Amino acid sequence: MVQRYTQLCPVAFGTGAVSTTGDVAKELGLSKVLVVTDENVEKMGHAQKVVDSLKTAGIDPVLFNRCEMDAPDYTVQAGADLAKSEGVDGIIGIGGGSVLDTAKAISSLAANSVDVAALLDFSRKMMPLENPSLKLILIPTTSGTGSESTIIAVISDTKNHEKIGAITPPSFAIVDPELTLGMPKAITLYTGMDAFSHVCEALTSVQPNPHSDILCYDTIERITKWLPIAAADSMDLEARENLALASNNAGIAFNDAMVHLGHAIAHSMGATFHIPHGIACALVTPVILELTAPVYPEKVKKIGTCMGLTIAATDPQKIGREVADNLRQFQKQLGIPTLQELNISREQIIGCTDYVANEGLRFLCPVPATEELIAASLAKIYDCYQ
Ligand SMILES: [Fe+2]
C-alpha cells in the first residue's frame, strides 16, 4: 500500500524562538499582521514578545486579544472583521489550542468575502473557500494540540452546539518551550494527555504511515517520562522542551495519519459537558487502545513498551487490556479526574452516542464504529476509570 506523509510547514523550534517571529514574518513577505491571542496570554507578556519582534523587523502589528476557550465562531468573525478593516496581509496566532484554531479560521475568513457561518458550512462539506488563506504563523504556548502543525482548526458552532473542523494550513510554526514555563499543573496534564491521545489514535487509524509512526512512538516515550516531571515542577525547562517537541511531533504525525473515534468521542464530550478537551482525550484513550489492539496488536504492544512496560501477553485482547489498564493507572497517579468527579453520570455519557455517530472522524477507526460500539465505548469510559 502506498502511504503519504509530509511535513506541513517549516518549524522553528527551541528556547527563545519567539524572538525570531519578526524575521519569519519578513521571510514570508508580510508588512502588517494581526496578532491573535487571548487576555491571559497577553497578561503573561507573551504577545508583547511577538509585537516587539515584529516592530524590530519593521512589521506593523495589530493586536486582537478576544479569543475564548473552544474557539467560538463569533470570535473568528470579530477577528476577521478587524483583519479586513486594518488591511493586514498576515495573521499570527500566539496561545493555546483555541487561540491557534481561532487564528487559523481568521486567516481563511480574512481572505474571503463570506462570513463565519459560510466558512462552517463549507467546512462541513469539506470544501475550501474561494481564495487561499492569508499567510499564517502559529506560536503555541501550551504543549498539547499540535495545532501549529496541522491543517485543521476546530471551531465551535455556537448556534448548533457543534465542533466543526475547518481546513487552514499554517505557513510557519514557531515552537518556543520557554513560553510554556510556569503553566499550571492541570493545564500541563490535560494538554499533555491530548498530545498522547493524538499519537495513540494516529498509530491505530485506518491510514497510518511509517513517518508518523516514528514520531508517535517517540512522543509516547517523551510524554510518559516528562509529563509527571513538568506537572511537579512548572519551571523545569528540560521537561518543557521535551513536551513541546512531543506535542509538535504529535501534530505532524496526526496531520497525516489522522485521529479517529477517540477524538469523535472527545469532541462530543467537549460540546456536551464543556470539559477541557485534554480530559476527554485522556479518559477515552485507554478504551481506544483496547478496541484497536486486535487490529494492531504489535503497535499497541509497542505503545506499552514506549511507556516503559514489559508486556508478556501475546493475545491481542490481553495486550490491549494490559496497556489500557497501565495507562489508566498512569492517569490516576497524575490526577486526571474521573467522570464521577466531573459530575457526569453513566446515562449522560452514553447520551453522547448520537453526536459521535454523526462525527466524521469515526470512519477513520479501523473497527467499524456502529452505534452499539460507540455506546459500549462510552459506557466503558465510565465503568473502567473510577
Ligand atoms: Fe486533541
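**Labels and their cut-offs**

Author: The second largest pocket has a volume of about 240 Å³. This is a predicted model, in which local features need pLDDT of at least 70 and side-chain atom pairs count only at pLDDT 80 or more, while totals for chains, interfaces and linings use all residues. Residues are numbered from 1 along each chain as its sequence is written, and side-chain values use heavy atoms, with hydrogens and water left out.

Reader: What makes a set of points a pocket or a cavity, and what does volume stand for?
Author: On a 1 Å grid over the protein atoms alone, a pocket is an open set with protein on both sides within 12 Å along at least five of seven lines, a cavity is a set where a 1.4 Å probe fits but cannot get out, and lining residues have an atom within 4 Å of a point. Points are joined across faces, edges and corners, and the volume is the space filled by probe spheres set on them.

Reader: Which residues lie nearest the centre of the second largest pocket?
Author: Ser 108, Met 127, Pro 128, Leu 129 and Ile 167 do, out of 15 lining residues. Helix 6 (116-124) and strand 7 (162-167) each give two or more residues to that lining, and strand 7 gives the most, with 3 residues. Helices (H or I, at least four residues) and strands (E, at least two) are DSSP runs, numbered from the N terminus.

Reader: Why is Pro 128 called exposed?
Author: Its relative accessibility is 66%; exposed means over 50%, buried under 20% and partly exposed in between (1.4 Å probe, protein chains only). Pro 128 therefore counts as exposed. Pro 128 sits in the loop between helix 6 and strand 5 (135-140).

Reader: How many cavities are there of 30 Å³ or more?
Author: The structure holds 1. About 50 Å³ of space lies in the largest cavity, and helix 9 (residues 237-257) provides the largest share of its lining, 3 residues.

Reader: What makes the arrangement around the iron ion irregular?
Author: Asp 194 (OD), His 198 (NE2), His 263 (NE2) and His 277 (NE2) coordinate the iron ion at 2.1 to 2.2 Å. Donors are N, O and S atoms within 2.8 Å of the metal (3.2 Å for Na, K and Ca); water is not among the atoms, so sites may look incomplete. Four donors are tetrahedral if all angles lie between 85 and 135 degrees; four are square planar and six octahedral if opposite donors are over 155 degrees apart and all others between 65 and 115; anything else is irregular. The angles of the 4 donor atoms run from 81 to 169°, so the arrangement is irregular.

Reader: How do you know that the length of helix 10 agrees with its residue count?
Author: The expected span is 1.5 Å times one less than the number of residues. For the 13 residues of helix 10 that is 18 Å, and the end C-alpha atoms are 18 Å apart, so the two agree.
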